[in-house]
Amino acid sequence: MSALSERPLGAVVGAAVPHEAAALHVTGRALYTDDLVGRTKGVLHAWPVQVLAAHARVTAVRTDAATDVPGVVRVLTAADVPGVNDAGVKHDEPLFPDEVMFFGHAVAWVLGETLEAARLGAVAVEVDVEELPAVVTVRDAVAAESFQGGQPTLLRGPDVEEALAGSAHVFSGEFEFAGQEHFYLETHCALAQVDEDGQVFVQSSTQHPTETQEIVAHVLGLASSEVTVQCLRMGGGFGGKEMQPHGLAAIAALGARLTGRPVRLRLNRAQDITMTGKRHGFLAQWRVGFDDDGRLTALDATLTSDGGWSLDLSEPVLARALCHIDNAYWIPAVRVNGRIARTNKTSQTAFRGFGGPQGMLVIEDVLGRCAPTLGFTAEELRRRNFYAAGQDTPYGQPVRHADRLATAWQQVLDSSDFSARTASVEAFNASSAHVKRGLAITPVKFGISFNFTAFNQGGALVHVYKDGSVLITHGGTEMGQGLHTKMLQVAATALGVPLSRVRLAPTRTDKVPNTSATAASSGADLNGGAVKNACEQILGRLAQVAAEELHVPAADVRFVDGRVRGLDADGPSLPWEDVVRLAYFSRVQLWAAGFYRTEGLHWDSAAMRGEPFKYFAYGVAAAEVEVDGFTGAYRVRRVDIVHDVGDSLSPLVDLGQVEGGFVQGVGWLTLEDLRWDERTGKITTSSASTYKLPSFSEMPEDFRVSLLDAAHEDGAVYGAKAVGEPPLMLAFSVREALRQAAAAFGPAGTSVDLASPATPEAVFWAVEAARAAEGAHVRDGGSAPPQPQGPPIRPESERVLGQA
Amino acid sequence: MPSPSLTVNGRTVPLDGVPAHTTALDWLRESGLVGAKEGCAEGECGACSVLVARPGTTTPTRWTALNACLVPVLALDGQEVVTAEGLGTPDDLHPVQHEMAVRGGSQCGYCTPGFVCSMAAEFYRPDRAPGEPTPEHGANGFDLHALSGNLCRCTGYRPIRDAAYALAAPDADDALAGRQTRPAPAATPTDVPGFARPADLPAALALLAEHPDAVVVAGSTDHGVEVNLRGLRARQVVAIDRLPELHGVSVTDEVVEIGAAVTLSEVAARLDGAVPLLDLLLPQFASVLIRNGATLGGNLGTGSPIGDAAPVLLALDASLVLVSAAGEREVALADYFTGYRRSVRTAGELIRAVRIPQPQPGLVGFTKIAKRRFDDISSVAVAVGVDVVDGEVTRATIGLGGVAATPIRARATEEALVGARWPDVAAAADVLAGEGTPLDDHRASAAYRRAMLRQSLLKIAAAEVPA
Ligand SMILES: Cc1cc2nc3c(=O)[nH]c(=O)nc-3n(C[C@H](O)[C@H](O)[C@H](O)COP(=O)(O)OP(=O)(O)OC[C@H]3O[C@@H](n4cnc5c(N)ncnc54)[C@H](O)[C@@H]3O)c2cc1C
Ligand code: FES
Ligand code: FES
């Protein structure tokens with residue numbers, strides 16, 4: 001056990017405590033950025049001028065009529081930008097564009113005394129455009145060779161062509177699947193104010209306050225020290241508030257600088273959906289080889305992601321997709337190409353899993369389609385291909401703890417009563433003509449860390465006040481994932497005080513600078529390390545004070561549950577508060593800045609090789625579904641999950657992440673149906689009534705989740721693993737169960753194609769195809785997928801391999 | 001008339017100078033009660049849910065959860081509202097808040113105040129009583145559908161369900177439970193610039209005659225969306241949801257009559273099984289939050305081709321009672337719609353009631369095709385009523401939604417069915433697949449809609465075998 005991962009006696013980490021703000025949430029007293037508006041005097045409201053064309057040159061923006069609208073204070077245009085007119089870090093996202101790149105692109109913003117005035121003002125702004133040809137779909141982009149960014153290739157093992165030639169079975173196919181709208185319940189919001197001497201204070205719903213600060217500074221032409229960003233909490237982020245808040249915060253800040261008044265910019269739902277990025281949809285083209293035992297011999301695939309109009313995080317998302325195409329499976333020969341389509345859509349971005357889910361979906365789809373053709377059950381085919389100890393991933397990282405995969409798999413088989421239920425599903429199907437069931441089990445292996453080495457650092461500030469109360473701040477943001485709860489538990493554990501002694505202040509860039517995005521599931525690893533480090537600095541000093549008082553060596557001083565003593569638990573002790581007071585009067589520093597950096601990572605983004613992940617998180621899910629053959633409608637009857645979170649820091653929080661991630665994954669794969677009008681480029685599902693999130697009706701009727709036992713992780717704070725992203729991919733089990741239920745409408749051994757999302761309509765067509773014994777559209781043999789020849793991903797654009 | 005006011009969490013606050021389009025949600029948030037959130041502004045997410053004291057069917061008052069984002073705040077003149085802030089405080093949590101907090105029912109917390117209000121409404125349901133648990137009912141009698149209009153993006157719902165199912169009965173001294181035993185606030189006539197709530201039907205009709213461009217609002221579940229998402233700013237709004245003349249429900253041997261302004265939640269409760277086809281529809285209509293406001297008059301008043309009430313009422317051969325300052329007339333629903341969102345109803349005319357002739361068909365069935373089981377708009381809706389005598393269909397009425405510019409009767413299929421042996425409806429189902437002119441859109445492809453017409457009849461026939 002490492003010093004980092006070892007838990008002291010009486011640790012507060014590991015206790016199942018409710019969310020730190022639960023009492024505020026349930027009483028409506030928890031504050032979000034937009035809740036501050038009523039507490040702020042003289043606020044102006046911003047409204048975008050959105051151009052309704054997918055691609056067009058802006059030839060004129062006339063604002064006179066808008067400024068005549070009563071209550072309109074000012075219209076912001078490109079001419080107002082004192083610094084850099086760009087919302088991103090790659091300089092390909094003009095904040096006030098002169099070329100409209102997607103349907104609904106905002107070219108100007110109106111500030112009004114009321115939201116109504118700003119809205120009417122925006123209607124009055126006249127924008128002249130010259131329409132240009134637009135590329136809307138991935139396939140159109142491929143045909144037009146419209147790509148952007150690097151085109152990485154992941155290569156490993158024997159030559160793929162030879163390996164395929166030597167394989168007993170070779171199949172090829174295609175799979176185009178949809179992205180996903182984040183639909184955090186709280187839409188994007190920023191409130192900017194100008195402080196003394198032109199300094200800017202922006203409250204923003206952002207997962208990455210430091211980057212928001214940097215973008216605000218560069219747009220305004222200020223130094224970072226002149227801009228402070230605070231994030232109270234977010235009403236959900238899921239990766240959607242990692243890059244996308246920056247430009248919006250910059251607009252609000254620009255408005256505040258120009259008018260001297262606070263400016264609130266809150267997107268309504270339709271604006272949020274039409275203007276901000278989403279999970280990337282992909283087109284996958286593949287060839288795969290198996291031997292006679294069903295073991296994978298080779299994979300040759302090309303993944304084309306739909307990046308939208310600018311790069312944003314598309315390159316690292318693509319890299320992570322490539323690095324997860326193996327999921328839990330050993331594939332000796334691998335050639336996977338990636339490329340990013342440039343389309344006239346919103347700029348797609350981070351979303352829980354960050355490309356990982358897309359890569360894994362490809363291999364799970366391949367296995368699900370090929371299993372019947374190979375004559376194996378899907379369960380058996382998956383199990384045969386699991387990684388074994390000593391094997392490494394296609395990018396050369398040893399698969400540490402591969403045995404946990406088999407352990408979790410077996411636990412789910414046992415706890416879900418898998419074989420008996422498989423038999424009862426078969427019996428049910430044999431006796432039911434119109435309704436069929438399916439039961440499927442799928443694994444998850446997911447790598448944890450930012451690959452961009454610099455991002456693997458965390459900072460914290462811990463204050464102990466004279467009365468013994470503790471205030472912590474750290475670089476991570478709270479979006480519901482329970483990071484603050486965990487950080488409070490880490491601080492209480494490290495200081496040996498009760499949880500109630502510790503309070504947490506909102507994330508601010510003037511408290512902890514140069515923070516990383518709260519993303520890549522790494523928030524607790526990085527910031528927890530930093531909080532612990534700060535606490536240990538303080539304890540080191542307090543130990544000296546206590547040692548003198550208790551007449552024991554400083555090394556023997558223990559801090560346990562608010563008392564300070566020597567090694568002897570029954571020996572003399574002092575209350576924590578007394579030691580703190582003594583220390584103050586002895587002029588001992590009672591606060592500390594903590595810092596943490598993850599050791600032992602390396603990554604060559606051009607070669608796509610290295611050890612980018614600190615560890616892997618594992619999980620297994622078994623899902624049973626029931627499909628109505630008349631309509632394709634279905635319900636999820638039961639789900640059993642075993643998931644590896646290491647030694648949980650906060651079991652109630654972790655359970656929530658597993659369940660919530662799972663249902664969000666089910667949403668992505670079955671229900672959430674992002675549609676663009678392929679002619680106009682308009683999103684036709686830009687509202688809650690047209691873009692359907694999972695509701696109570698999608699919750700598994702019987703939902704059994706447990707955390708993997710004996711799962712200590714040596715390389716992370718108090719032995720816990722990250723949990724934010726990996727559970728999303730447990731939802732593959734539902735998709736595969738739907739495929740099997742659809743197959744049950746056809747003759748035995750039917751192989752089924754299933755569109756993604758597998759909406760009732762998609763399932764209905766799969767059922768119809770099964771009834772017609774059509775079989776999946778996988779071809780025997782087939783030719784190589786396209787082999788893009790673009791440059792690799794440049795290290796400087798490879799900011800992160802994992803965020804969301 | 002006194003100036004309008006609203007009682008929130010026990011405090012009465014004036015509504016002076018509030019524009020007619022201001023929603024209860026915006027007004028609450030501007031007055032500092034920021035617990036209720038906006039997640040969608042169109043009645044879909046429930047983050048804005050609040051409790052309103054409404055007349056009950058089993059107790060004088062019933063705490064009713066509504067979407068504050070849809071209701072004009074002026075429509076709440078004289079009413080009592082409770083928000084999450086009013087239910088409890090961090091030091092003194094309401095039982096619903098306590099269960100939500102300790103069971104991990106909140107993650108980001110943004111949906112939580114809305115869930116708490118919807119859950120509290122069900123907590124206080126006077127006839128909620130312990131019973132056998134089912135997948136959608138707790139052992140404490142909690143009906144999970146009470147939360148069908150609330151979305152959570154974080155939790156996956158299981159802890160919220162557990163919180164709901166853990167609730168006991170309200171304490172004997174629970175103030176809000178006590179409030180249900182006293183009469184609900186009466187409807188307060190309101191007359192401020194741009195917004196009027198007339199006291200009775202004659203006054204309403206007079207107002208409509210005076211303002212030909214006035215917009216009638218009942219539950220505002222459709223109107224509110226127009227205001228929020230499409231910028232509708234009516235010069236004059238006339239609230240009709242509390243007009244006594246639009247609130248009758250009567251069942252005789254000849255006819256069932258349902259007042260146009262009875263909310264769908266009340267329709268279900270007050271009909272008490274008298275119209276089985278409506279009992280198939282109503283649980284699938286929107287969410288409880290919406291049904292607490294939505295009315296049949298509003299559903300037909302929009303003239304929407306995808307409204308769910310029309311196919312059902314068409315299958316029941318219903319007619320509408322239209323009323324204006326000039327008097328009443330009755331129009332068969334089959335003759336009511338004239339084109340996309342158009343009808344024979346003239347300006348100044350209101351739907352007063354819906355009439356369903358008796359006897360109703362002996363066998364009824366309804367299928368709603370949608371992506372999501374709870375709270376989704378239909379891509380196709382099929383309502384069927386048939387009489388079967390000695391295994392032969394003697395009468396058939398079929399209403400369709402989502403396959404044409406208006407809801408339609410499937411006349412050719414009806415003809416094909418009469419004389420057929422029930423349940424052998426394959427030939428009629430093929431005819432049904434050819435009815436209407438289904439289109440491709442984001443909800444469904446035309447091919448799927450067509451297939452669903454056929455499949456719906458097959459499904460209904462498979463389920464509805466005469467006893
Ligand atoms: C989230 C959500 C889900 C929904 N789900 C469904 C669904 O599943 N199925 C479905 O069919 N609909 C659905 N709807 C639509 C809507 O709820 C219904 O159409 C509802 O019945 C409207 O009733 P209302 O009283 O709220 O109408 P209002 O919004 O008050 O009025 C709607 C229109 O009808 C007119 N009107 C109202 N009453 C009368 C009257 N008595 N005489 C003449 N005109 C009148 C109004 O002038 C207005 O133009 C949904 C809406 C939302 C927001
Ligand atoms: S804000 Fe979503 S229902 Fe009201
Ligand atoms: S807790 Fe975040 S939306 Fe429900």
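Predicted model: local features only at pLDDT ≥ 70, side-chain atom pairs only at ≥ 80, totals over all residues.
**Domains**

The domain assignment divides chain A into three parts and chain B into two, as the table shows.

| Chain | Domain | Residues |
|---|---|---|
| A | domain 1 | 22-30 + 457-597 |
| A | domain 2 | 41-133 + 183-275 |
| A | domain 3 | 282-451 + 604-780 |
| B | domain 1 | 1-185 |
| B | domain 2 | 363-467 |

In chain A, the C-alpha centres of domain 1 and domain 3 are 39 Å apart. These two domains of chain A touch: 17 residues of domain 1 are in contact with 18 residues of domain 3. On the domain 1 side, helix H14 (483-495) and helix H15 of chain A are the elements that give two or more residues. That side consists of four nonpolar, 10 polar and three charged residues. In chain B, the C-alpha centres of domain 1 and domain 2 are separated by 38 Å.

**Contact between the chains**

Chain A and chain B meet through 60 residues of chain A and 66 residues of chain B. On the side of chain A, at least two residues each come from helix H1 (22-26), helix H8 (269-275), helix H17 (651-671) and helix H19 (760-771). H17(A) has the largest share, with eight residues. Sorted by class, the side of chain A that touches chain B holds 27 nonpolar, 23 polar and 10 charged residues.

**The largest nonpolar core**

In soluble globular proteins, nonpolar side chains tend to be buried together. The largest nonpolar core of this model has 428 residues, and the members that touch the most others are Val110(A), Ala252(A), Ala491(A) and Ala742(A). Helix H15 (residues 523-550) of chain A contributes the most to this core, 13 residues. Leaving aside residues up to four places away in sequence, Val110(A) touches several residues, among them Ala46(A), Trp47(A), Val72(A), Ala118(A) and Val125(A).

**The shell around ligand 1**

Ligand 1 is surrounded by 33 residues, of which Gly43(B), Gly219(B), Gly297(B), Gly298(B) and Gly301(B) are the closest. Four elements of chain B each supply at least two residues of this shell: strand E8 (215-217), helix H8 (223-230), helix H12 (296-301) and strand E16 (350-357). H12(B) gives the most, with four residues. By class, the shell has 16 nonpolar, 13 polar and four charged residues.

Two of these elements also pack together, as the buried residues of H8(B) lie against E8 of chain B. The buried residues of H8(B) are His223(B), Gly224(B), Val225(B), Val227(B) and Asn228(B). After H8(B) comes Gly231(B), which has a positive phi, near 70 degrees.

**Strand E17 of chain B**

Strand E17 of chain B covers residues 363-369, and seven of its seven residues are buried, so the strand is largely enclosed by the rest of the structure. In a regular strand the side chains alternate between the two faces of the sheet. Both faces of E17(B) are covered. One side carries the buried residues Leu363(B), Gly365(B), Thr367(B) and Ile369(B), while Val364(B), Phe366(B) and Lys368(B) are buried on the other.

E17(B) runs antiparallel to strand E18 (residues 380-389) of chain B, and seven bridges join the two strands. Within this pair, Lys368(B) stands opposite Ala381(B) of E18(B).

Note on methods: Residues numbered from 1 in each chain as written. Chains lettered and ligands numbered in written order. Buried ≥ 20, exposed ≤ 12 C-beta atoms within 10 Å, placed from the backbone. Pairing = 2+ DSSP bridges. Near = placed C-beta within 6 Å. Nonpolar A, V, L, I, M, F, W, Y, C, P; charged D, E, K, R; others polar. Core = buried A, V, L, I, M, F, W, Y, C linked by C-beta atoms within 7 Å. Contact = placed C-beta atoms within 7 Å. Domains from an automatic or database assignment.
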